[in-house]
Amino acid sequence: MKKLTSALAVFAAGIALTAGSANATVRLKLADALAADHPTSVILKQFAEEVEEKTDGEVKIRLYMNGVLGSEREVLEQVQNGAVDITRVSAANLENFNPIYQAFTLPYLFNSQEHFYDVMDGPIVDPVYQASLDSGFMGLTYFDSGARSFYTKSKCVETPDDLKGQKLRVINSHTSIRMVELMGGIPTPLPYGEIYTALQQGVIDGAENNPTALTLGRHGEVVECYSLDEHLRIPDFLVISKTAMDELTDEQLTIIKEAAVHATQEQKKVWNEAVDEAMQQIEEMGVTIVRPDKAPFQEKVAPLIEEYKQDPAIGQLVDAIQNAQ
């Protein structure tokens, strides 16, 4: 009888442990508008795998890529209400949720990729990650999305004067719109997915983006010239919802934060390789590549930077970034 009682006790304990493990599993949704084969998407998959491995399967992250859950802004709204747990989003879209991110959308804020990495890997951006908690999410890390430059259907952009009268697709943000206006162009906000057709049909004369837009986005098929003025280096941010954070233990959240930092280091390598490959493909596509003097462009947009410096919070961040050179 004692043996039976003991056996039953062990059996019951086993059931309790199994049930406890099942209940402890946290399932998170990571959504992104990027294509599944995009360099950053590959890194996000590795990020999810590392989190699951390091938490012994207690935290599982399911990826929803290719914009299946909506645009960046739409997904970020879902992060706010807890329908999506994690997303990668451009600072240009984050500025609509917290003004501090506007600093990262200013032209020529970073003077090189090295300066960009020094700032983004340092303590300057730590307060930025926390700034959006009141909006329902927190930053985990950043990703490099490259330097943005102008590409056009006909006239190469070698000076700001070459932008006069040209309709140029921009991100739907105040800073991007003002930047093109100050340079003399006609800013035309459009969703990324509409750029190819808009170029093809003559709705716009050009756009601005990093080199992979011409290859992965196939925009190089419908433009003639790529001018490497590198006016913007807008980082992407990986953010997690406050709702998801509340579901996690301190240890699980620490593992996610560490995996995010690892993802950034890997993404740098993958991204730089992708840019090198894209530049080679752009030449093979027959697109003319020019490298204009950046000084005239910087002079044109200087008033925009001074305008944003009037905001104490943004101005302090901009000064810190510029002084980190």
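Analyst: The lining of the second largest pocket divides into seven nonpolar, six polar and three charged residues. Here Ala, Val, Leu, Ile, Met, Phe, Trp, Tyr, Cys and Pro count as nonpolar, Asp, Glu, Lys and Arg as charged, and the others, Gly among them, as polar. The model is predicted: local features need pLDDT of at least 70 and side-chain atom pairs pLDDT 80 or more, while totals for chains, interfaces and linings use all residues. Residues are numbered from 1 along each chain, and side-chain values use heavy atoms, without hydrogens and water.

The second largest pocket holds about 260 Å³ of space and has 16 lining residues. Nearest its centre lie D126, Y129, L140, T141 and V261. (A pocket is an open set of points on a 1 Å grid where a 1.4 Å probe fits, with protein on both sides within 12 Å along at least five of seven lines; lining residues have an atom within 4 Å of a point.) Two or more lining residues come from each of helix 6 (126-131), strand 4 (137-143) and helix 11 (250-284). Strand 4 gives the most, with five residues. Helices (H or I, at least four residues) and strands (E, at least two) are DSSP runs.

In helix 5 (residues 113-120), H115, F116, Y117, V119 and M120 are buried, that is, under 20% relative accessible area with a 1.4 Å probe. These buried residues are covered by elements including helix 6, strand 4, strand 10 (236-241), helix 11 and helix 13 (312-323).

For reference, the largest pocket has about 1,000 Å³ of space. Its lining has 37 residues, and L34, E72, N93, R169 and Y192 are those nearest its centre. Helix 3 (72-80), strand 3 (86-90), helix 4 (91-94) and helix 9 (212-215) each give two or more residues to this lining. By type, the lining of the largest pocket has 13 nonpolar, 16 polar and eight charged residues.

Strand 3 contains T87. Because its relative accessibility is 2%, T87 counts as buried. Apart from residues up to four places away in sequence, T87 touches A31, D32, V75, L76, V79, F237, L238 and V239 (heavy atoms within 4.5 Å). T87 and S241 are 154 residues apart in sequence, yet their C-alpha atoms are 8.8 Å apart in space.

Elsewhere in the chain, six strands form an open sheet with mixed pairing, in the order 7-6-8-5-9-11. Two strands pair if DSSP finds at least two bridges between them. Strand 7 (186-189) and strand 11 (288-290) are the edge strands, each pairing on one side only. Strand 11 runs parallel to strand 9 (residues 225-232), and three bridges join them. Y226 has I289 in strand 11 as its bridge partner. Helix 7 (residues 174-183) packs on the sheet and touches strand 5 (148-152), strand 6 (167-170), strand 7 and strand 9.

As for the whole chain, there are 13 helices and 11 strands. The C-alpha atoms fill a box of roughly 95 × 45 × 30 Å along the principal axes. Of the 325 residues, 51% are buried. Among contacts with a separation of 6 or more, 74% join residues 24 or more positions apart.

Definitions and conventions: Axes fitted to C-alpha atoms, helices over the stretch in contact; angles between N-to-C directions. Points joined across faces, edges and corners; volume = space filled by probe spheres on them. Buried < 20%, exposed > 50% of the residue type's maximum accessible area, 1.4 Å probe, protein only.
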